[in-house]
Amino acid sequence: MPDSNSASITRGTRATTHATVSPHDGDRSGDRRQRTIVVGAGIAGLTTARVLADAFDSVTVIDRDPLPDEPVARSGVPQAHQIHVLWEAGRSALEELFPGYTEELRAAGGVAIDGRRDLHLYSQGGFLASGSSPFPLYAASRPLYEQLLRRRVADRRPLLSDRGRE
């Protein structure tokens, strides 16, 4: 049983969602710095590099895997062979950082689906109920999501993408 201090901490917190976080504002970064390095060229590393580009003259992204030009699985990403679903909050955040990303994803083979109509979710012994409002989701392979982000990061200056080494 939690003590009264932990209960008050729990009551004092509020959920952080995409709706409660203010949009990215690259002009808030203040004085520019010379350079920084991001370790990891997955989705998190690439989006981090994009945000840091607003504050640094040079951002270098390094990864242990070679970074392919095509949407192929990398050996350091074991879940790369599975389909990945991008929820609306993630899509909106990527679109904010990389305008046109959603359209590019769809043009490259990503699929827009309605989670309410197109998915039947089974959990804890039963199917979850369908809602009455559209529930937009986007489905693609992880290598496709990463390839499109890598292109965007490499095209944006001052970002530099460093090829991985085996």
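Are Glu146 and Arg74 buried or exposed? Glu146 is buried, and so is Arg74. Buried means under 20% relative accessible area, exposed means over 50%, and partly exposed lies in between, with a 1.4 Å probe and protein chains only.

This is a predicted model: local features need pLDDT of at least 70, side-chain atom pairs count only at pLDDT 80 or more, and totals for chains, interfaces and linings use all residues. Residues are numbered from 1 along each chain as its sequence is written, and side-chain values use heavy atoms, with hydrogens and water left out.

## Salt bridges

Side chains of opposite charge can pair when their charged atoms come close. A salt bridge here is a side-chain nitrogen of Lys or Arg within 4 Å of a carboxyl oxygen of Asp or Glu. The whole structure holds eleven salt bridges. Among them are these:

| Asp63 | Arg74 | 3.0 Å |

Helices (H or I, at least four residues) and strands (E, at least two) are DSSP runs, numbered from the N terminus.

Arg74 also forms a salt bridge with Asp63. Both residues lie in the loop between E2 and E3, so the pair ties together parts that are eleven residues apart in sequence. Asp63 counts as buried, at 15% relative accessibility. Arg74 has a relative accessible area of 7%. A network of salt bridges links Asp63, Asp65, Arg74, Arg142, Glu146 and Arg150.

Glu88 and Arg91 sit in helix H3 (residues 88–97). They are three residues apart, which means about one helical turn separates them. Glu88 is partly exposed at 29%, whereas Arg91 is buried at 15%.

## Helix H6

H6 covers residues 142–155. The expected span of a helix is 1.5 Å times one less than its number of residues. For the 14 residues of H6 that gives 20 Å, and the end C-alpha atoms are 20 Å apart, which agrees. Eleven of the 14 residues are buried, so H6 is mostly covered. The buried residues include Leu144, Tyr145, Leu148 and Leu149.

## Aromatic rings

A pair of aromatic rings is described by the distance of the centres and the angle of the planes. Rings of Phe, Tyr and Trp (its six-membered ring) pair if their centres lie within 6.5 Å; planes under 30 degrees apart are stacked, over 60 edge-to-face, and the rest tilted. The count comes to two aromatic pairs.

Trp87 and Phe135 form an edge-to-face pair, 5.2 Å centre to centre, with 85 degrees between the planes. Trp87 lies in strand E3 (residues 83–87) and Phe135 in the loop between strands E6 and E7, so the pair ties together parts 48 residues apart in sequence. Trp87 is exposed at 52%, while Phe135 is partly exposed at 34%.

Tyr122 and Phe127 also pair edge-to-face, at 5.1 Å and 70 degrees. Both Tyr122 and Phe127 are exposed.
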